[in-house]
Amino acid sequence: MFSATNIFSKRTFVLIHDLAATAAAIFATFWFRFENPGLVERLYDLLILLPGILIYAGLIYWYFDLYRSKWRFASLPDLRNIFRAATVMAASILLLDYILVSPNVLGTFFFGKITIVLYWLLQIAFLAGLRIVYRYFRDGLIRARNATGARTLILGNAADSEVLLRGIESGAIKNIQPLGILSPSLADLNQSLRGVRVIDHPKNLLLTIDNFGASGQNITRLLLTPSAFATGLGIEAAIVKARRLGIIVSRMPSLAESGDKIELAPIEVEDLLLRPSSSIDYNRLEHFIRGRSVIVTGGGGSIGSEICNRVATFGASRLLVIDNAEPALHAVLERLQKRGTALDIQGHICDVRDRERVFQLIRDYKPDLVFHAAALKHVPILEKDWIEGVRTNVFGSVNVADATVASGAAAMVMISTDKAVDPVSVLGATKRIAEIYCQAVDIEQATKVAARGPSTRIISVRFGNVLASNGSVVPKFKAQIEAGGPVTVTHPDMVRYFMTIREACDLVITSASHALGNLQSDLSVFVLNMGQPVKIVDLAERMIRLGGLEPGRDIEIVFSGLRPGERLREILFSNEEPTSEIGIPGVVAARPSQQSLHQIRSCLVALEQAIAERNRHAIFSELKRLSEKDCA
C-alpha cells in the first residue's frame, strides 16, 4: 500500500537536492568566473539574493515536475525537463540582472552574460548529475544480478527488442542475460541496443547458437518479441530446432496484451496461427461503452466472459451477467470483482429459453446494450439433441431480442457463427434462423426512427472459431499430444478460420458502435475478417513439432472421418449475399435477403408446435423453411 508520508518525504528529498544543486551551481559559477577581488565584492550581495532565487527555483522545479521523476528510471524526458527548468532560471536571472539590478541597484551588471551562460551549463550538470549516477549504479546492480541468469538470444526488430531490454534493465524481467539480438531488418545489423549487439538474421539462429557454444557461452533461452512472428521469417522452424536443443523458448506479449506489465510467456501454437490483428480504435470503444449499462447473456462462456472483461475495461457503469450454469457464472463474477473497478457487477442464473424470466431481468435492469452470447454450439451434440438446439439458439434468441426491444435498450448484439451460412447442421440452421429473426426485428425497428423517434438496433455478428475457447481443437490436440497420441483429425482436407477471443470481442463491440451510429442503416449482419483458413492437419503437425516431436514417428495422426453436421470448409458469406464495406478494418457487412417479421413469426409458431409434438420431420421441415427464408 502506498504511504503518503513516504511519497512526501521522497519528493521533499528531491526538492532539497535540486535547491542545493542550484545553490552549488551559483557559487561554482562565481568561483570559476571571478577572481578573488571580484568574488569577494559580489559575495555579500549574492547571499542577499540567494534566498529569493532559491524560492523562485523551487517554484520553477515544481512547475516542471522535477520532484516527481523517479531517479531509478531517469531518462531523456527527465533531462528535457531539467533543460527547460535551467533555461527558465537562466533567462529569469538575465532579466533580473539587466532590468532590475543593473540600472536600479548597482549601476553595473551583477551577473553578466558570460556568468549566466556558465551558470546555465552548471545548473543542468548539477541537476542531472546525481540522477544519472544513481541510475547508472542501479542498472549496474541489475546487470550484475543478471550476469548469472540464463544466457539469452532475442529475436525481433530493434523497436521491440529495445522494449524488452528496458524491461530487463529495470528489473521487471529477471534472471535474463541477453547476449545478442537477431533482427529481420538489415538496417539493424551490427548496431547496438542498450549495450546488446544485433548479431544476425533470425534465419541464422542455429549458426549463432553454435558460435556462442564454441566460445563457451551456451545459449539456454530464446526470447521472441511480437515482430518475430511476422510472416516469411520461418520462426516456426527456428522454435522447433531450438526446442530440440533443449533451449527454453518464450515470448514477450504485445503491449495490448500486457498492459503495464511485461511477463514472459511460453510459445503456444496460437502465437504461430495469428495473422496481423485488425487495427482497432480503442478510443472509439471506450467512448461507446463508458457510462452505459450492459447485459451479457451466456456470460460464463468463452466469448461471453471476454465481452464482460472488455466492457469492464472500457468503462461501463453497470454490468449484468446472465448464465444458466452456476459454476461458470460464479467464476466470471469472481474474475470481474478482482479487477477492483468501480463497475457495478451483478449476476443472475437464467435460461434464455425461459421467456418470462428473460423479460423480467431485462425489464428490471433497463440496459443500454445487450450482448447475446448464450448458445449451444457443439455441432455433433446438437445433431443428436436437436430439440435443445432449437429451443436455445432459436427461441432463446427470440426471447432476448423481444425483451431488449420491450425494455427500450439502444441495441442488442447476437453472436452468430460462420456455420449459419448455407447451413448443413442443426447449429448452423438455428443460428441462421436467429440471424433472420434479428434482421427482421431490426428492419421493423428502423421504421420507428422516422415515425416516432428512438428505436432499438438488433444486429448479428458472424465469425468462425476462436482460439482457446471451450471445446476448441487446440486444447484437444494439446491433451492428445501430452498423452502420447494419437492426434485425431476428422479429414485431411478439413480447414477452419481462427482468431483470438479478444480481437473477436473488440470487433463485436466495434460493430455495435457502428450500428448505433447509423440508426437508419439497413445493415444488421456484420462479418469479421478471419484472415486465411487453416488446414487442421497442418495445425496438428505444427503442434506436434512445437513439442519437439515428429509427426508419424513420435505421434501418429489418425483421421476419424467427418462427423454429422460437419463440412470440410466453412464460408463467411452466401453466394446470394452481397457485401458492403463499412469503413472499419476487420468488419464487413452482409446484405442477406429480407423477409417480413410477420411471416417469420408464423413459421416460428409452426416450429414451436412441432417441438411440442416432438415431430422430427416437421421440425426439420420448418428449420429448412426458416433458414432458406421460405415462410411465405
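This report describes confidence, strand pairing, helix packing and nonpolar cores in a predicted model.

Residues are numbered from 1 along each chain as its sequence is written, and side-chain values use heavy atoms, with hydrogens and water left out. Local features need pLDDT of at least 70 and side-chain atom pairs count only at pLDDT 80 or more, while totals for chains, interfaces and linings use all residues.

**Confidence.** The chain has an average pLDDT (the predictor's confidence in each residue, from 0 to 100) of 81, and 86% of the residues score at least 70. Over residues 255–260 pLDDT stays under 50, and the model has four contacts (heavy atoms within 4.5 Å) for them beyond four places in sequence. Where pLDDT is low, the predicted coordinates should not be read in detail.

**Strand pairing.** Helices (H or I, at least four residues) and strands (E, at least two) are DSSP runs numbered from the N terminus; two strands pair if DSSP finds at least two bridges between them.

| Strands | Bridges | Bridge partners |
|---|---|---|
| β2 and β4 (residues 196–200) | Two | I181 and V198 |
| β8 (residues 293–297) and β11 (residues 369–372) | Four | I295 and V370 |

Six of the seven residues of β2 are buried (under 20% relative accessible area, with exposed over 50% and partly exposed in between, 1.4 Å probe, protein chains only), so this strand is largely enclosed by the rest of the structure.

Strands β8 and β11 belong to an open sheet of nine strands with mixed pairing, in the order β10-β9-β8-β11-β12-β13-β18-β22-β21. At its edges stand β10 (344–349) and β21 (579–581); each has a single partner strand, so one side of each lacks a neighbour in the sheet. Helix α11 (residues 302–313) lies across β8, β9 (318–323), β11 and β12 (411–415), and runs at about 165° to β8; such angles run from 0 to 180 degrees between N-to-C directions, with axes fitted to C-alpha atoms, for helices over the stretch in contact.

**Nonpolar cores.** A nonpolar core is a set of buried Ala, Val, Leu, Ile, Met, Phe, Trp, Tyr and Cys residues joined through side-chain atoms within 4.5 Å. The largest has 55 residues, of which L319, F371, F463 and F526 touch the most other members. Helix α18 (residues 501–516) supplies the largest share of this core, nine residues. In α18, 15 of the 16 residues are buried. Beyond four places in sequence, the contacts of F463 include A504, V508 and L528.

Key:
Expected span 1.5 Å × (residues − 1).
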